[in-house]
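Hi everyone, thanks for coming.

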Amino acid sequence: MSKMDVKDKGIFLTGGAVGIGRAVLEALLARGAKVLFCDIDKVKGPETEAEMRKQFPSGDVSFVPCDVTNADQLKAAFTQAVTRFGAVELCINNAGLMDEQNWERVIAVNQVAQIRGSLMALEHMRRDRGGRGGVIFNVASINAVYYGVWEFPVYTATKHAMAGFTTSWANSPDSEAHGVRWGVICPHACLTALNAWERDGQVYVKMDEVKARDTTNWLTAKEASYAFFTLLDDNDSNGGLMKIWKENGQVFQELLMMDKSTVPITDLYAKYKKVQPADQ
Ligand SMILES: NC(=O)c1ccc[n+]([C@@H]2O[C@H](COP(=O)([O-])OP(=O)(O)OC[C@H]3O[C@@H](n4cnc5c(N)ncnc54)[C@H](O)[C@@H]3O)[C@@H](O)[C@H]2O)c1
Ligand SMILES: CCCCC/C=C\C=C\[C@H](O)C/C=C\C/C=C\CCCC(=O)O
(Lines give C-alpha, C1' and ligand atoms only; values in the text may rest on other atoms or scores of the structure.)
(Ligands and ions follow the chains in the order given, each with its own letter.)
Protein backbone atom coordinates (compact mmCIF):
# COMPACT_ATOMS: atom_id res chain seq x y z
CA MET A 1 0.00 0.00 0.00
CA SER A 2 1.36 3.40 -0.92
CA LYS A 3 -0.14 6.79 -0.33
CA MET A 4 -1.46 9.36 -2.77
CA ASP A 5 0.12 12.47 -1.29
CA VAL A 6 -2.42 15.24 -1.82
CA LYS A 7 -0.04 18.01 -0.81
CA ASP A 8 -0.12 20.74 -3.46
CA LYS A 9 -2.41 18.64 -5.67
CA GLY A 10 -5.38 20.32 -7.35
CA ILE A 11 -8.71 18.89 -6.17
CA PHE A 12 -12.30 19.39 -7.33
CA LEU A 13 -15.06 18.61 -4.82
CA THR A 14 -18.82 18.92 -5.26
CA GLY A 15 -21.17 19.64 -2.35
CA GLY A 16 -18.44 20.91 -0.01
CA ALA A 17 -20.42 23.58 1.84
CA VAL A 18 -21.67 21.38 4.69
CA GLY A 19 -21.74 17.79 5.92
CA ILE A 20 -19.38 15.09 4.70
CA GLY A 21 -18.08 17.28 1.86
CA ARG A 22 -17.10 20.00 4.28
CA ALA A 23 -15.36 17.53 6.60
CA VAL A 24 -13.38 16.14 3.64
CA LEU A 25 -12.55 19.69 2.49
CA GLU A 26 -11.12 20.51 5.90
CA ALA A 27 -9.07 17.31 6.03
CA LEU A 28 -7.72 17.86 2.50
CA LEU A 29 -6.64 21.40 3.36
CA ALA A 30 -4.98 20.11 6.53
CA ARG A 31 -2.95 17.81 4.27
CA GLY A 32 -1.83 20.75 2.13
CA ALA A 33 -4.09 20.11 -0.87
CA LYS A 34 -5.44 22.88 -3.09
CA VAL A 35 -9.22 22.59 -3.31
CA LEU A 36 -11.92 24.21 -5.39
CA PHE A 37 -15.33 23.18 -4.10
CA CYS A 38 -18.71 23.90 -5.58
CA ASP A 39 -22.16 23.85 -4.03
CA ILE A 40 -25.69 24.99 -4.75
CA ASP A 41 -25.84 26.65 -1.32
CA LYS A 42 -24.88 30.28 -1.92
CA VAL A 43 -24.97 31.10 1.80
CA LYS A 44 -23.09 28.19 3.35
CA GLY A 45 -20.62 27.96 0.44
CA PRO A 46 -19.00 31.38 0.99
CA GLU A 47 -19.22 30.91 4.79
CA THR A 48 -17.30 27.66 4.58
CA GLU A 49 -14.77 29.20 2.20
CA ALA A 50 -14.18 32.06 4.68
CA GLU A 51 -13.87 29.67 7.63
CA MET A 52 -11.38 27.48 5.75
CA ARG A 53 -9.28 30.50 4.75
CA LYS A 54 -9.17 31.57 8.39
CA GLN A 55 -8.20 28.09 9.54
CA PHE A 56 -5.63 27.55 6.75
CA PRO A 57 -4.23 31.03 6.00
CA SER A 58 -1.58 29.69 3.64
CA GLY A 59 -3.97 27.18 2.04
CA ASP A 60 -5.55 27.39 -1.40
CA VAL A 61 -9.34 27.04 -1.18
CA SER A 62 -12.07 28.56 -3.28
CA PHE A 63 -15.82 28.20 -3.58
CA VAL A 64 -17.81 28.32 -6.82
CA PRO A 65 -21.62 28.43 -6.72
CA CYS A 66 -22.95 25.66 -8.93
CA ASP A 67 -25.98 23.45 -9.34
CA VAL A 68 -24.37 20.16 -10.37
CA THR A 69 -27.50 19.21 -12.30
CA ASN A 70 -26.77 22.07 -14.69
CA ALA A 71 -24.19 20.64 -17.12
CA ASP A 72 -22.86 24.07 -18.11
CA GLN A 73 -22.39 25.15 -14.50
CA LEU A 74 -20.66 21.90 -13.58
CA LYS A 75 -18.34 22.14 -16.57
CA ALA A 76 -17.56 25.79 -15.77
CA ALA A 77 -16.74 24.97 -12.14
CA PHE A 78 -14.48 22.07 -13.13
CA THR A 79 -12.75 24.24 -15.75
CA GLN A 80 -12.12 26.91 -13.11
CA ALA A 81 -10.37 24.31 -10.98
CA VAL A 82 -8.19 23.21 -13.92
CA THR A 83 -7.31 26.82 -14.73
CA ARG A 84 -6.53 27.62 -11.12
CA PHE A 85 -4.40 24.56 -10.37
CA GLY A 86 -3.02 23.65 -13.79
CA ALA A 87 -4.56 20.19 -13.37
CA VAL A 88 -7.12 18.39 -11.24
CA GLU A 89 -5.67 15.17 -9.85
CA LEU A 90 -8.50 14.20 -7.50
CA CYS A 91 -12.18 14.66 -8.29
CA ILE A 92 -14.73 13.91 -5.57
CA ASN A 93 -18.35 13.77 -6.71
CA ASN A 94 -20.01 14.13 -3.34
CA ALA A 95 -23.09 16.38 -3.76
CA GLY A 96 -26.21 14.39 -2.98
CA LEU A 97 -29.67 14.52 -1.51
CA MET A 98 -32.41 12.27 -0.22
CA ASP A 99 -35.98 13.25 -1.06
CA GLU A 100 -38.25 10.47 -2.24
CA GLN A 101 -41.06 12.99 -2.86
CA ASN A 102 -38.81 14.62 -5.45
CA TRP A 103 -37.21 11.49 -6.82
CA GLU A 104 -36.34 12.76 -10.29
CA ARG A 105 -34.20 15.44 -8.68
CA VAL A 106 -32.52 12.74 -6.57
CA ILE A 107 -31.54 10.87 -9.75
CA ALA A 108 -30.35 14.12 -11.34
CA VAL A 109 -28.06 15.02 -8.43
CA ASN A 110 -26.92 11.64 -7.06
CA GLN A 111 -26.56 9.83 -10.35
CA VAL A 112 -26.61 11.98 -13.52
CA ALA A 113 -24.39 14.72 -12.09
CA GLN A 114 -21.96 12.23 -10.51
CA ILE A 115 -21.67 10.42 -13.84
CA ARG A 116 -21.17 13.70 -15.71
CA GLY A 117 -18.56 14.83 -13.18
CA SER A 118 -16.76 11.50 -13.48
CA LEU A 119 -16.65 11.59 -17.28
CA MET A 120 -15.40 15.17 -17.26
CA ALA A 121 -12.67 14.31 -14.80
CA LEU A 122 -11.70 11.17 -16.71
CA GLU A 123 -11.38 13.09 -19.97
CA HIS A 124 -9.16 15.65 -18.25
CA MET A 125 -6.99 13.16 -16.34
CA ARG A 126 -6.44 10.44 -18.96
CA ARG A 127 -2.72 9.94 -19.52
CA ASP A 128 -3.39 8.46 -22.95
CA ARG A 129 -4.85 11.84 -23.94
CA GLY A 130 -2.11 13.99 -22.44
CA GLY A 131 -3.45 14.24 -18.87
CA ARG A 132 -1.54 13.64 -15.62
CA GLY A 133 -3.70 10.76 -14.38
CA GLY A 134 -5.50 10.94 -11.08
CA VAL A 135 -8.20 9.62 -8.80
CA ILE A 136 -12.00 9.84 -9.11
CA PHE A 137 -14.19 9.13 -6.06
CA ASN A 138 -17.95 8.91 -6.16
CA VAL A 139 -19.75 9.22 -2.85
CA ALA A 140 -22.40 6.52 -2.67
CA SER A 141 -23.59 5.02 0.60
CA ILE A 142 -23.44 1.74 2.48
CA ASN A 143 -26.79 0.98 0.90
CA ALA A 144 -24.96 0.70 -2.45
CA VAL A 145 -23.76 -2.66 -1.16
CA TYR A 146 -26.82 -3.58 0.85
CA TYR A 147 -30.23 -5.01 0.10
CA GLY A 148 -32.95 -2.50 -0.79
CA VAL A 149 -33.89 0.00 1.90
CA TRP A 150 -37.66 0.45 1.83
CA GLU A 151 -37.64 3.97 3.23
CA PHE A 152 -35.68 5.40 0.31
CA PRO A 153 -35.82 3.22 -2.81
CA VAL A 154 -34.84 5.87 -5.37
CA TYR A 155 -31.96 7.15 -3.23
CA THR A 156 -30.80 3.54 -2.84
CA ALA A 157 -31.09 2.96 -6.59
CA THR A 158 -28.85 5.95 -7.33
CA LYS A 159 -26.23 4.64 -4.93
CA HIS A 160 -26.28 1.18 -6.51
CA ALA A 161 -25.99 2.90 -9.90
CA MET A 162 -22.88 4.78 -8.86
CA ALA A 163 -21.26 1.60 -7.55
CA GLY A 164 -21.96 -0.06 -10.91
CA PHE A 165 -20.75 2.89 -12.96
CA THR A 166 -17.57 3.39 -10.97
CA THR A 167 -16.52 -0.25 -10.81
CA SER A 168 -17.23 -0.61 -14.55
CA TRP A 169 -14.75 2.13 -15.41
CA ALA A 170 -12.24 0.72 -12.94
CA ASN A 171 -12.55 -2.57 -14.79
CA SER A 172 -11.69 -1.05 -18.18
CA PRO A 173 -9.01 -2.97 -20.09
CA ASP A 174 -7.47 0.48 -20.75
CA SER A 175 -7.32 1.38 -17.07
CA GLU A 176 -3.50 1.32 -16.97
CA ALA A 177 -3.33 3.57 -20.03
CA HIS A 178 -5.81 6.01 -18.47
CA GLY A 179 -3.76 6.25 -15.28
CA VAL A 180 -6.96 6.93 -13.38
CA ARG A 181 -7.95 5.17 -10.16
CA TRP A 182 -11.63 4.89 -9.24
CA GLY A 183 -13.24 4.51 -5.82
CA VAL A 184 -16.65 4.50 -4.16
CA ILE A 185 -17.23 5.87 -0.66
CA CYS A 186 -19.91 3.95 1.22
CA PRO A 187 -20.79 5.44 4.63
CA HIS A 188 -23.56 4.20 6.86
CA ALA A 189 -25.98 6.84 8.17
CA CYS A 190 -24.38 10.11 9.24
CA LEU A 191 -25.70 13.02 11.26
CA THR A 192 -25.81 15.63 8.54
CA ALA A 193 -28.34 18.01 7.01
CA LEU A 194 -29.21 15.27 4.51
CA ASN A 195 -31.40 13.57 7.06
CA ALA A 196 -31.20 15.17 10.50
CA TRP A 197 -30.59 18.29 12.49
CA GLU A 198 -29.50 19.03 16.02
CA ARG A 199 -30.87 21.47 18.57
CA ASP A 200 -29.84 21.79 22.23
CA GLY A 201 -27.86 18.57 22.00
CA GLN A 202 -30.89 16.63 20.76
CA VAL A 203 -30.82 15.00 17.31
CA TYR A 204 -33.98 15.27 15.20
CA VAL A 205 -34.36 12.98 12.22
CA LYS A 206 -36.20 14.60 9.33
CA MET A 207 -38.04 11.72 7.72
CA ASP A 208 -41.13 10.28 9.41
CA GLU A 209 -40.18 6.78 8.31
CA VAL A 210 -36.89 6.74 10.18
CA LYS A 211 -37.72 8.88 13.20
CA ALA A 212 -37.89 5.83 15.40
CA ARG A 213 -34.34 4.80 14.54
CA ASP A 214 -31.64 4.87 17.18
CA THR A 215 -29.01 7.34 15.97
CA THR A 216 -26.35 6.54 18.57
CA ASN A 217 -24.31 4.63 16.03
CA TRP A 218 -24.66 7.13 13.22
CA LEU A 219 -21.34 8.55 12.05
CA THR A 220 -20.29 12.15 12.34
CA ALA A 221 -19.29 13.81 9.05
CA LYS A 222 -15.69 13.84 10.27
CA GLU A 223 -15.78 10.10 10.97
CA ALA A 224 -17.22 9.47 7.50
CA SER A 225 -14.31 11.45 6.04
CA TYR A 226 -11.82 8.83 7.31
CA ALA A 227 -13.01 6.48 4.54
CA PHE A 228 -11.83 8.91 1.85
CA PHE A 229 -8.31 8.94 3.22
CA THR A 230 -8.02 5.21 3.77
CA LEU A 231 -9.06 4.69 0.15
CA LEU A 232 -6.87 7.53 -1.09
CA ASP A 233 -3.87 6.10 0.73
CA ASP A 234 -4.26 2.74 -1.00
CA ASN A 235 -2.92 2.90 -4.54
CA ASP A 236 -3.92 -0.72 -5.12
CA SER A 237 -7.60 -0.11 -4.51
CA ASN A 238 -8.80 0.69 -8.05
CA GLY A 239 -12.54 -0.06 -8.16
CA GLY A 240 -12.71 -0.44 -4.38
CA LEU A 241 -15.79 0.37 -2.32
CA MET A 242 -14.85 1.68 1.11
CA LYS A 243 -17.55 0.91 3.66
CA ILE A 244 -17.54 2.79 6.94
CA TRP A 245 -19.90 2.36 9.88
CA LYS A 246 -20.09 2.52 13.66
CA GLU A 247 -20.90 -0.16 16.21
CA ASN A 248 -20.97 0.38 19.97
CA GLY A 249 -19.33 3.76 19.43
CA GLN A 250 -16.39 2.30 17.48
CA VAL A 251 -15.84 3.23 13.81
CA PHE A 252 -15.09 0.34 11.43
CA GLN A 253 -14.21 0.28 7.77
CA GLU A 254 -13.79 -2.40 5.17
CA LEU A 255 -12.59 -2.29 1.57
CA LEU A 256 -14.87 -4.26 -0.71
CA MET A 257 -13.49 -5.36 -4.08
CA MET A 258 -16.27 -6.66 -6.35
CA ASP A 259 -15.94 -10.25 -7.55
CA LYS A 260 -14.40 -10.18 -11.03
CA SER A 261 -14.52 -13.94 -11.58
CA THR A 262 -16.24 -15.15 -14.72
CA VAL A 263 -19.70 -16.67 -14.70
CA PRO A 264 -19.29 -20.31 -13.62
CA ILE A 265 -20.01 -22.58 -16.57
CA THR A 266 -18.72 -26.02 -15.69
CA ASP A 267 -20.00 -28.97 -13.69
CA LEU A 268 -17.47 -27.99 -11.07
CA TYR A 269 -20.20 -25.69 -9.81
CA ALA A 270 -22.63 -28.46 -9.00
CA LYS A 271 -24.25 -26.30 -6.35
CA TYR A 272 -25.86 -24.10 -9.00
CA LYS A 273 -29.23 -25.01 -10.46
CA LYS A 274 -28.78 -25.99 -14.08
CA VAL A 275 -31.17 -24.40 -16.56
CA GLN A 276 -33.30 -27.06 -18.23
CA PRO A 277 -35.16 -26.46 -21.52
CA ALA A 278 -38.42 -26.59 -19.54
CA ASP A 279 -37.28 -23.55 -17.51
CA GLN A 280 -37.07 -21.35 -20.55
N1 LIG B 1 -25.74 11.64 5.63
C2 LIG B 1 -25.77 10.32 5.43
O3 LIG B 1 -26.38 9.55 6.18
C4 LIG B 1 -25.04 9.76 4.28
C5 LIG B 1 -24.66 8.41 4.33
C6 LIG B 1 -24.00 7.86 3.25
C7 LIG B 1 -23.73 8.62 2.14
N8 LIG B 1 -24.11 9.91 2.10
C9 LIG B 1 -23.82 10.67 0.89
O10 LIG B 1 -22.79 11.61 1.17
C11 LIG B 1 -22.93 12.72 0.29
C12 LIG B 1 -22.94 13.99 1.13
O13 LIG B 1 -24.08 13.96 1.95
P14 LIG B 1 -24.17 14.69 3.36
O15 LIG B 1 -24.68 13.72 4.32
O16 LIG B 1 -22.93 15.42 3.65
O17 LIG B 1 -25.37 15.67 3.04
P18 LIG B 1 -25.52 17.23 3.29
O19 LIG B 1 -26.92 17.54 2.96
O20 LIG B 1 -25.01 17.58 4.62
O21 LIG B 1 -24.53 17.87 2.19
C22 LIG B 1 -24.78 17.74 0.82
C23 LIG B 1 -24.21 18.94 0.10
O24 LIG B 1 -24.50 18.80 -1.29
C25 LIG B 1 -25.00 20.04 -1.76
N26 LIG B 1 -25.88 19.85 -2.91
C27 LIG B 1 -27.08 19.24 -2.96
N28 LIG B 1 -27.61 19.34 -4.18
C29 LIG B 1 -26.71 20.01 -4.93
C30 LIG B 1 -26.70 20.44 -6.28
N31 LIG B 1 -27.72 20.21 -7.11
N32 LIG B 1 -25.60 21.10 -6.73
C33 LIG B 1 -24.56 21.37 -5.91
N34 LIG B 1 -24.54 21.01 -4.61
C35 LIG B 1 -25.60 20.34 -4.13
C36 LIG B 1 -25.78 20.60 -0.57
O37 LIG B 1 -26.01 22.00 -0.70
C38 LIG B 1 -24.85 20.24 0.57
O39 LIG B 1 -23.86 21.23 0.78
C40 LIG B 1 -24.21 12.48 -0.50
O41 LIG B 1 -23.89 11.96 -1.76
C42 LIG B 1 -24.96 11.49 0.35
O43 LIG B 1 -25.85 10.72 -0.38
C44 LIG B 1 -24.73 10.51 3.16
C1 LIG C 1 -30.74 3.28 8.98
C2 LIG C 1 -31.59 4.15 8.14
C3 LIG C 1 -31.48 5.52 8.62
C4 LIG C 1 -31.78 6.52 7.59
C5 LIG C 1 -30.64 7.41 7.49
C6 LIG C 1 -30.86 8.46 6.53
C7 LIG C 1 -30.04 8.65 5.53
C8 LIG C 1 -28.94 7.78 5.27
C9 LIG C 1 -28.32 7.81 4.13
C10 LIG C 1 -27.27 6.84 3.86
O11 LIG C 1 -26.76 7.02 2.59
C12 LIG C 1 -27.75 5.44 4.01
C13 LIG C 1 -27.26 4.93 5.25
C14 LIG C 1 -27.84 3.93 5.89
C15 LIG C 1 -28.97 3.18 5.42
C16 LIG C 1 -28.52 1.86 4.89
C17 LIG C 1 -28.92 0.77 5.30
C18 LIG C 1 -29.95 0.61 6.31
C19 LIG C 1 -29.44 -0.37 7.24
C20 LIG C 1 -30.45 -0.67 8.25
C21 LIG C 1 -29.94 -0.32 9.59
O22 LIG C 1 -28.72 -0.27 9.80
O23 LIG C 1 -30.77 -0.12 10.47
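Another piece of bookkeeping: helices (H or I, at least four residues) and strands (E, at least two) are DSSP runs, numbered from the N terminus. With that, take E47, which sits in helix α2, residues 44–55. E47 counts as partly exposed because its relative accessible area is 37%.

Before I go on, some housekeeping. This is a predicted model, where local features need pLDDT of at least 70, side-chain atom pairs count only at pLDDT 80 or more, and totals for chains, interfaces and linings use all residues. Residues are numbered from 1 along each chain as its sequence is written, chains are lettered from A and ligands numbered from 1 in the order in which they are written, and side-chain values use heavy atoms, with hydrogens and water left out.

Okay, on to the ligand.

Now zoom in on the polar contacts. By that I mean a pair of N or O atoms within 3.5 Å; within protein, one must be able to donate a hydrogen and the other to accept it, and residues adjacent in sequence count only if both atoms are side-chain atoms. In the side chain of T192, an N or O atom is 2.5 Å from an oxygen atom of ligand 1. A polar backbone atom of C190 lies 2.7 Å from an oxygen atom of the ligand. And R105 has a polar side-chain atom 3.3 Å from a nitrogen atom of ligand 1. How much of the ligand does the protein bury? Taken alone, ligand 1 exposes 820 Å², and the protein buries 93% of that; these areas come from the Shrake-Rupley method with a 1.4 Å probe, and for residues only the protein chains shown count as cover.

You'll find T192 in the loop between β6 and β7 (196–199). Why does T192 count as buried? Because its relative accessible area is 10%. T192 and G19 are 173 residues apart along the chain, yet their C-alpha atoms are separated by 5.3 Å.

R105 has a partner too: its side chain makes a polar contact of 3.3 Å with the side chain of D67. D67 is in the loop between β3 (60–65) and α3 (71–85), and D67 counts as buried because its relative accessibility is 18%.

Next, the empty spaces. Rolling a probe the size of a water molecule over the atoms shows where empty space is left. On a 1 Å grid over the protein atoms alone, a cavity is a set of points where a 1.4 Å probe fits but cannot get out, and a pocket is an open set with protein on both sides within 12 Å along at least five of seven lines; lining residues have an atom within 4 Å of a point. Grid points are joined across faces, edges and corners, and a volume is the space filled by probe spheres set on the points.

The second largest pocket holds about 330 Å³ of space. It has 15 lining residues, and G134, G179, V180, R181 and N235 are the closest to its centre. Its lining has three nonpolar, six polar and six charged residues.

As for cavities, the whole structure has one of 30 Å³ or more. The largest cavity has a volume of about 40 Å³, and its lining includes T14, V68 and L74. Helix α4 gives the largest share of that lining, three residues. By class, there are five nonpolar, four polar and no charged residues.

Definitions and conventions:
Nonpolar A, V, L, I, M, F, W, Y, C, P; charged D, E, K, R; others polar. Buried < 20%, exposed > 50% of the residue type's maximum accessible area, 1.4 Å probe, protein only.
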